[in-house]
Amino acid sequence: MIETRKGADEQTMNSEQIKSLIGATSLEEYVQKGKLPQCLPADVQITLKKVRAQADEVWSVEAEKLEVISFDYEGYTVNMTFQMDGTYLFDSVDVWAEVGNGVGVATEIDVESDSGSVESTLVTSKLAAMETVERIQQFAANLGMQLEWFEMGDERVCLMPSAVTLHYLKQQNRWKLVKIAGAYRSVDKVRAGLSRIADAVN
């Protein structure tokens with residue numbers, strides 16, 4: 001069962017600083033390094049207690065003894081997953097896109113609908129280098145980076161050398177970024193898992 005509650009009343013300067021630092025983090029750096037803590041100054045410690053105090057949302061997954069802390073920024077949400085004992089596990093980014101005249105996470109309905117000639121655009125420019133398949137390919141080419149791609153029906157998944165995955169759904173005839181999953185397992189294990197899913201779907 002998943003329970004949700006809005007940001008806690010207790011706020012500390014330290015947690016505010018962490019939210020601010022995460023918001024200032026380059027997402028290009030994030031996808032290359034693999035985890036948010038690796039993008040922050042060495043003296044910044046991300047703990048469950050600190051980030052919970054400033055969270056925009058906290059999701060408790062009782063069955064798996066997990067807590068997911070969410071920070072909302074313009075155009076995207078950063079999620080940090082902890083074990084309830086405070087152990088930091090992994091992070092991810094949900095990308096919000098403008099679909100038609102509304103703003104929200106892209107869904108299968110949005111992907112399949114033809115809502116007009118106005119092209120879907122991301123709210124934030126922070127994701128400009130990776131918002132479409134063409135842009136992430138150019139970004140990787142500029143860095144001499146090798147990308148791996150997995151086709152999963154309506155979804156295309158890009159595996160970075162850092163073990164980060166970028167997830168694209170088709171919107172108005174273009175593949176648009178909807179999620180970034182930070183590194184949790186080794187790149188070999190992620191590749192094997194994506195291959196199994198792609199084989200099953202296709």
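Q: In this predicted model, does Ser 70 count as buried or exposed?
A: Let's start with where it sits: Ser 70 is part of strand S3, which covers residues 66-73. Its relative accessibility comes out at 3%, and the cut-off for buried is under 20%. So Ser 70 counts as buried.

Q: Which residue's side chain does the side chain of Ser 70 join in a polar contact?
A: Setting aside neighbours within four places in sequence, Ser 70 has contacts including Trp 59, Thr 77, Val 78 and Asn 79. A polar contact of 2.7 Å picks out one side chain, and that belongs to Asn 79.

Q: How far apart in space are Val 31 and Met 160, C-alpha to C-alpha?
A: Val 31 belongs to helix H2 (residues 27-33) and counts as buried at 0% relative accessibility. Beyond residues up to four places away, it touches Met 160, Phe 139 and Ile 180, among others. Val 31 and Met 160 are 129 residues apart in sequence, yet their C-alpha separation is 7.3 Å.

Q: Which residue meets Lys 19 in a salt bridge?
A: Lys 19 is in helix H1 (residues 13-24), and its partner is in the loop between helix H3 (48-54) and strand S2 (57-61), 37 residues apart. With 2.9 Å from N to O, the partner is Asp 56.

Q: Which parts of the structure does the salt bridge between Arg 174 and Glu 134 tie together?
A: The closest N and O atoms of Arg 174 and Glu 134 are 3.5 Å apart. The two residues are 40 apart in sequence, so their pairing ties together strand S12 and helix H5.

Note on methods:
Residues are numbered from 1 along each chain as its sequence is written. This is a predicted model: local features need pLDDT of at least 70, side-chain atom pairs count only at pLDDT 80 or more; totals for chains, interfaces and linings use all residues. Side-chain values use heavy atoms; hydrogens and water are left out. Helices (H or I, at least four residues) and strands (E, at least two) are DSSP runs, numbered from the N terminus. Buried means under 20% relative accessible area, exposed over 50%, partly exposed in between (1.4 Å probe, protein chains only). A polar contact is a pair of N or O atoms within 3.5 Å; within protein, one must be able to donate a hydrogen and the other to accept it, and residues adjacent in sequence count only if both atoms are side-chain atoms. Contact means heavy atoms within 4.5 Å. A salt bridge is a side-chain nitrogen of Lys or Arg within 4 Å of a carboxyl oxygen of Asp or Glu.
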